[in-house]
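The following note sets out numbered points on the model shown here. Each point may be checked against the coordinates.

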Amino acid sequence: MQGTQTTSVPPPPRPKFWIGGAVIVAVLAGVILWAMTQPGAESNYITPTELAHGQAQDGQLQLAGVVVPDSIERNGLITTFLVTDETEEISVTTDSPMPDAFKDSSEVVAFGSYGSGTFTASKVLAKCPSKFKAKV
Amino acid sequence: MTSLAGFGVPSLLAALFFAGVSLVLCLVGATRSSERATAAGRRAMAMCFAATGLAVVALLTALFAHDFSLAYVAKYSSRSLSGPYMFGALWGGMEGSLLFWTLLLTGFSTVALERARASTPRLVAWAGAVLAGVACFFLMLLVLPESPFTALLPVPADGTGLNPLLQSPGMLIHPPLLYTGFVGFSIPFAFAMAALLSKRLDASWFTSTRRWTLFAWSALSIGIVLGGAWAYTELGWGGYWAWDPVENASFMPWLTATAFLHSVVIQEKRQMLKVWNVSLILLTYALAVFGTFLTRSGILSSIHTFTEGPIGKWFLPFLALMLLGGLGIVLARLNELKSENRFDHLMSRESAFLANNVLFVAAAFAVLWGTIYPILAEVTSGVRLSVGPPFFNSVFIPLGLAIIGLTGIGPLISWKRMSKGAFGRVVRVPLAMGSVTILGLFISGVRSVGALLAFGLCAFTAGAILGEFSRGSRVYRTRYDVGPIRALTATIDRNRRRYGGYIVHLGVVLIVIGLAGGAFKTERHALLSKGESMSVGGYTLTYRELRQSSSPEKQINTAVVDVASDGHDQGSIYPQRNFHLAQRQPQSEVAIRTGPIEDLYVVITSFDQDGDAALRAFVNPLTWWIWVGAGVMLSGMTILLSSPGPARVRARVPREIREPAAATR
């Protein structure tokens, strides 16, 4: 674009290119900024302790922690379990299918929202405890 | 001990030594213009490759001999692991995959430097130095913090075993292809840096490495698709792409490499965009290394991050050095990198290529933004968050639509400038095809604007590409009086770069059709007792029974599910939910009935003692076309790769000129 060589070709309509380029970049930046505001584009991590101490936020949350052993209960499609960060425990309920790695002591991330003492998850991710060091 | 594991550490030390020797000799060769030093540097690189190969052999024999005195073998394999998956274990963990990376790097470097001796002798010294420098870094990692040959005491009786998810044929091909792609970009990167360092900034650095770029790009493309196919058939959530950070890590260099493949054509034909091209290959390689770093550092939580290691603090300085050094040398050479031509007109092939580049780089930036935004947010404000698929989908639907439309328009526009009338003539038929498609879909009840645009643009672009084929073969037919098939194959054969590229584009169109089909997917999740039915997207699924059996590795639970569609019996499908004994982990085996119109995809998510089973069923329209499109892309890539290189193009001139030229080589 920094062509300085003079040729017999008539001078190109250079401002047009720059204005066009600026418009394109602005549009693309706009698309990225707009996409960041889409529901579910961004979700905050939260720990059981933060939830238990009332630091709950509105909107999409990700509750990260470890599944309390022997806390998993299944009732039809509904799965209920406790998640802990070694300090507080939070009850999670979900009707979503559970991943294969979900079991006692699995490290999990539950996506959903919090209300009246229960975290309602629409999706749960799990890491198998034997393969992953417990680190959140 | 029955294995050659004892050779591991000495081999790695020898490889590091030879990489260091190669670096020094190549630097001497470059700065003193000594061909002898450069030749010795090349041989040192070959020795480095041989030593790395010996280390790989050492690790493989240890894996096959179940030598659990090595921590790596104990962690990633077990006695019950079957033969082929020992290779999977080679790259199943961080240390092994770094070793594999280094093997590819030194191997590719050896071959590329040897071949470049004839085509670009003046770039070899600097390119050798750059490649040896990279090899030194990876070998240092393997010798110091990430040795695959670390001993384990006490020696366990059996290993933990490879994650059952990784015990799938796809996982034997997907990681090596991704690594081949990542590492393959080392070659064009090294020659670009060599061109900058030696101030030989003509087109030779990318024309002589074009096959490497294409090869790396093809491997990365197919590797990414195979990763998607693996996720689709193994993970059981009904999709193939989750915008996982590690998926993104492979996608970013692919996007910038795609931009690079297109923009070097402008430099080749019009001697423009020189700064842009060296920057793009630098960025591509940096993203490839960043991808390796993301995968292996544990900086982002992801299902792919099987190991969390301390190598972040090694990778980041390396990456910073590479980027800053690369950018520094580009800036120092700005004067030599001036364009020799200008953009003549907005309606020109150059502008179309430039628009392609802007879109691909913007796409790469968007992925990068979504991938590192959580890190930035945590570092700057302490907030832990993640960016999810809604962000990426919102960005990629408009960008993807623009790219697919441009894929159709670009090849129709001529270089320098095109009159509106001429453009109108070539665009008429494709435009009609696109409009008819949109109209037809609208009448048949499709109302999603995104889907209408996607299918319309796909029809437009397919029409444009097929038009190119028909124009090309018609010219050939009128000249040589042959049948249409002969004319078509001869047209493709005589201009493999052009038509190979079109075939790749056609594959992309098919893939986009498959992706757009995702807009119409349906999903049901239900708890069924024996004999009960659920319906999903026109199918009625009736759960008959749960069959239980067992093998030495796992307990197998197979559900028998009868499929009926519009009242017609269509046989049964058999999803499984198995319990792997060694890993004490359940794993679902998806039942998929696939076809060009739609896939029926059924998973058991749980079952109880009474035999009641929770079934999750998806109907995924058009997903089949993604894999077909990838196959079409692969055939186009094969044609592109088989196109004559720069040396052979010269050899195609008449024989009387070719003979003496061949004699001097």
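1. Chain A reads α-β-α-β-β-β-β-β-β along its sequence, which comes to 2 helices and 7 strands. Helices (H or I, at least four residues) and strands (E, at least two) are DSSP runs, numbered from the N terminus.

2. This is a predicted model, in which local features need pLDDT of at least 70, side-chain atom pairs count only at pLDDT 80 or more, and totals for chains, interfaces and linings use all residues. Residues are numbered from 1 along each chain as its sequence is written, while chains are lettered from A and ligands numbered from 1 in the order in which they are written.

3. Chain A has 136 residues, of which 30% count as buried. A residue is buried if 20 or more other C-beta atoms lie within 10 Å of its own, exposed if 12 or fewer, and partly exposed in between, with C-beta atoms placed from the backbone. Among the contacts in chain A with a separation of 6 or more, 48% are between residues 24 or more positions apart; two residues are in contact if their C-beta atoms, placed from the backbone, lie within 7 Å.

4. Strand β2 of chain A (residues 61-67) is largely enclosed by the rest of the structure, because 6 of its 7 residues are buried. β2(A) pairs with β1(A) in the parallel sense over 3 bridges, and two strands pair if DSSP finds at least two bridges between them. In that pairing A:L61 is the bridge partner of A:N44.

5. β2(A) also has antiparallel pairings. With strand β6 of chain A (residues 107-115) there are 6 bridges, and A:E107 in β6(A) is the bridge partner of A:V66. With strand β4 of chain A (residues 78-84) there are 2 bridges, and A:V83 in β4(A) is the bridge partner of A:V67.

6. How many residues does each chain bring to the contact between chains A and B? Chain B gives 37 residues and chain A gives 36. On the side of chain B that touches chain A, the elements that each supply at least two residues are α14 (349-381), β1 (385-387), α15 (389-409), β2 (522-528), β8 (585-589), β10 (598-607) and β11 (613-621). α15(B) gives the most, with 5 residues. The residues of this side divide into 17 nonpolar, 13 polar and 7 charged, where Ala, Val, Leu, Ile, Met, Phe, Trp, Tyr, Cys and Pro count as nonpolar, Asp, Glu, Lys and Arg as charged, and the others, Gly among them, as polar.

7. Strand pairing also crosses between the chains. Strand β1 of chain A (residues 42-46) runs antiparallel to β1(B), joined by 3 bridges. Here A:N44 stands opposite B:L385; A:N44 is also the residue whose bridge partner in β2(A) is A:L61.

8. Helix α1 of chain B (residues 8-31) has 24 residues and should span 34 Å, which agrees with the 35 Å between its end C-alpha atoms. B:S33, which follows α1(B), has a positive phi near 50°. Helix α17 of chain B (residues 449-480) has 32 residues and reaches 46 Å from its first C-alpha to its last, close to the expected 46 Å. Just after α17(B), B:D481 has a positive phi of about 55°.

9. B:L327 lies in helix α13 of chain B (residues 312-332). B:L327 counts as partly exposed because it has 15 C-beta neighbours inside 10 Å. B:V278 is 49 residues from B:L327 in sequence, with 9.3 Å between their C-alpha atoms.

Technical notes
The expected span of a helix is 1.5 Å times one less than its number of residues.
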